[in-house]
Amino acid sequence: MALKVLLADDEIRALRHLMAAVPWGQLGLEVCGMASNGKEALDFIDRNPVDILITDIRMPEMDGLELCQRVREKHRELAIILLTGYADFEYARRGIELQVTDYCLKPIDIEQLTVTLRRAVHQEFSRVSSRSDALLDVIEEGDSQQISRAFSELGFSGDQAYLAGSFGVHNIERAINSEFTCKVGKHKYLYFASRPFNAPEAARIIAFAKGRSGIGLPVEPASYEALDRAIDDVLVMTFQYFVNGAPTLCGHLVDGPLTQEIFHQLAEKGGDPNQMKSWLHELATANCSMLFNIRTAFRFFNKVLLSPALRDSNCISLDSFEQMAADYLKLTDLLEDLNACICPQDPPPSVAEGSNSFLAVMDYLNTHYAQPLSLRTIAEELHLNASYISQLIKNETGLTYTQYITELRIGKAKEMLTNTKLSLAEISEAVGFNDYFYFIKKFKREVGVTPGKFLQHEKNMNGGA
């Protein structure tokens, strides 16, 4: 997400110099407007979202210090950088009182300003990330009063919020009228608003999107009490592109009578390999957009694996629909892979082949746990049979592959929560979870408390350090 910058200076030449000389895009910034005096700047900030204000002190109608004072009355978290040719203590002292983020002296040194902007960007993203972590943690706790208080601090009123989600499209929060945005995974975002989102603009964005892209945009708001489930559902909607095989705007969960009929047919055909093979091929060539969402597709995949037709196959298991979308471009690819698994294959080697294989697997997992890991990947890297690896882990640890990799990642996350100052989003990504909200749920399931509660407990145990 590019941060929005407003430039305010009565010298047109200075504004043009800033526009041309500063590497805005490389810094993750976008100049959204320019003003020639403080009054113009204040009017612009009141009407448009701005993250960073860069303003000269000496301007007509309303100078930079008065502008800072007026901005702080309404927009307390907006970052402000003052430009001045007067290295005067009074200006500096007044700026400190107004909580100015930083200063740059005129004539402007672009290198110095770039360093200052990089620092402001880091502070802004850290602030937003911290607020996102806290909000997601409170939502997972499920206390509606705490959730209401958290949204109230964000400027929301009432007892409900509109939700949206996106995958693979960037910088859309302004376009769809998001009032608060959380990054919840690689290329994945959650959006919150107190009023309906701009659905026509979301449709336009998807119409021009490429590759693996999706937007989930439910029509109805979610009550704070039901927010946890609503977030799960909207994230599922963002992955409808995986089922449809094309960028998709999804407004509701695809899960109805046709979906139930597919599961009923699976129960009938699952005992006959020939019928199953023919049926999976038909599904792979059909339009599945009205049959599945990615959650029901994942459930379907697992039921197919457990069917008599595939019970003795070496088809590789998946631990979540997120992994399913990471390992396959689209649902039809997965269905064809299931189809291929019905063909007879050589049985996996005996687990008695020795401890060297187990040590190699453990070493690989401990080295690569932060990367997307499927049994298919490990099998290819170690030149072992995937079913053999799964059986080996189960025999040696008593855990399934999925359970073992989850425990490993959660253990690493606990270490990082205790020993680093990284945000929850950064830790989640560092230990291999591409979905932060999913990470919070897994952490709570494994540890018994959310990451936020765990960190607070650790701080209390260490005397609040």
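## Briefing: salt bridges, strands and cysteines

D233 forms a salt bridge with R229, and their closest N and O atoms are 3.4 Å apart; a salt bridge here is a side-chain nitrogen of Lys or Arg within 4 Å of a carboxyl oxygen of Asp or Glu. Please keep in mind that this is a predicted model, in which local features need pLDDT of at least 70 and side-chain atom pairs count only at pLDDT 80 or more, while totals for chains, interfaces and linings use all residues. Residues are numbered from 1 along each chain as its sequence is written, and side-chain values use heavy atoms, with hydrogens and water left out. Helices (H or I, at least four residues) and strands (E, at least two) are DSSP runs, numbered from the N terminus. For accessibility, buried means under 20% relative accessible area, exposed over 50%, and partly exposed in between (1.4 Å probe, protein chains only).

**Salt bridges around helix α8**

- Searching the whole structure gives 12 salt bridges.
- D233 and R229 both belong to helix α8 (residues 227-238), and because they are 4 residues apart there, about one helical turn separates them.
- R295 is partly exposed, with a relative accessible area of 25%.
- Salt bridges with shared partners join E140, D228, D232 and K441 into one network.
- Within that group, D232 forms a salt bridge with K441, and the closest N and O atoms are 3.6 Å apart. Here too distant parts of the chain are linked: D232 is in helix α8 and K441 in helix α20 (residues 436-447), 209 residues apart.
- D232 is partly exposed at 23% relative accessible area, while K441 is buried at 15%.

- Strand β4 (residues 79-84) is mostly covered, with 6 of its 6 residues buried.
- A79, I81 and L83 point one way from β4, while I80, L82 and T84 point the other way, and all of them are buried. In a regular strand, side chains alternate between the two faces of the sheet.
- Strand β3 (residues 52-56) pairs with β4 in the parallel sense over 5 bridges; two strands pair if DSSP finds at least two bridges between them. I80 in β4 is the bridge partner of L53.
- From β3 the chain crosses through helix α3 (residues 64-74) to β4, and this β-α-β crossover is right-handed (with the strands pointing away from the viewer, the path from the first strand over the helix to the second runs clockwise).
- β4 also pairs with strand β5 (residues 102-105) in the parallel sense, over 4 bridges, and L83 stands opposite C104 in β5.

- Helix α1 (residues 12-21) has A14, L15 and L18 as its buried residues. They lie on the same side of α1 because they cover an arc of only 100° around the axis, the arc being that of the directions from the helix axis to the C-beta atoms.
- The other side of α1 carries exposed residues, namely R13, R16 and A20.
- S428 lies in helix α19 (residues 424-430) and counts as buried, at 0% relative accessibility.
- Leaving aside residues up to four places away in sequence, S428 touches F433, D435, Y436 and F439, where contact means heavy atoms within 4.5 Å.

**Cysteines**

- The disulfide count comes to 0, a disulfide being a pair of cysteine sulfur atoms within 2.5 Å.
- The closest cysteine sulfur to that of C32 is in C68, 16 Å away and therefore too far for a bond. C32 is partly exposed, with a relative accessible area of 26%.
- For C250, the closest cysteine sulfur is in C288, and at 15 Å this is also too far for a bond. C250 counts as buried, at 6% relative accessibility.
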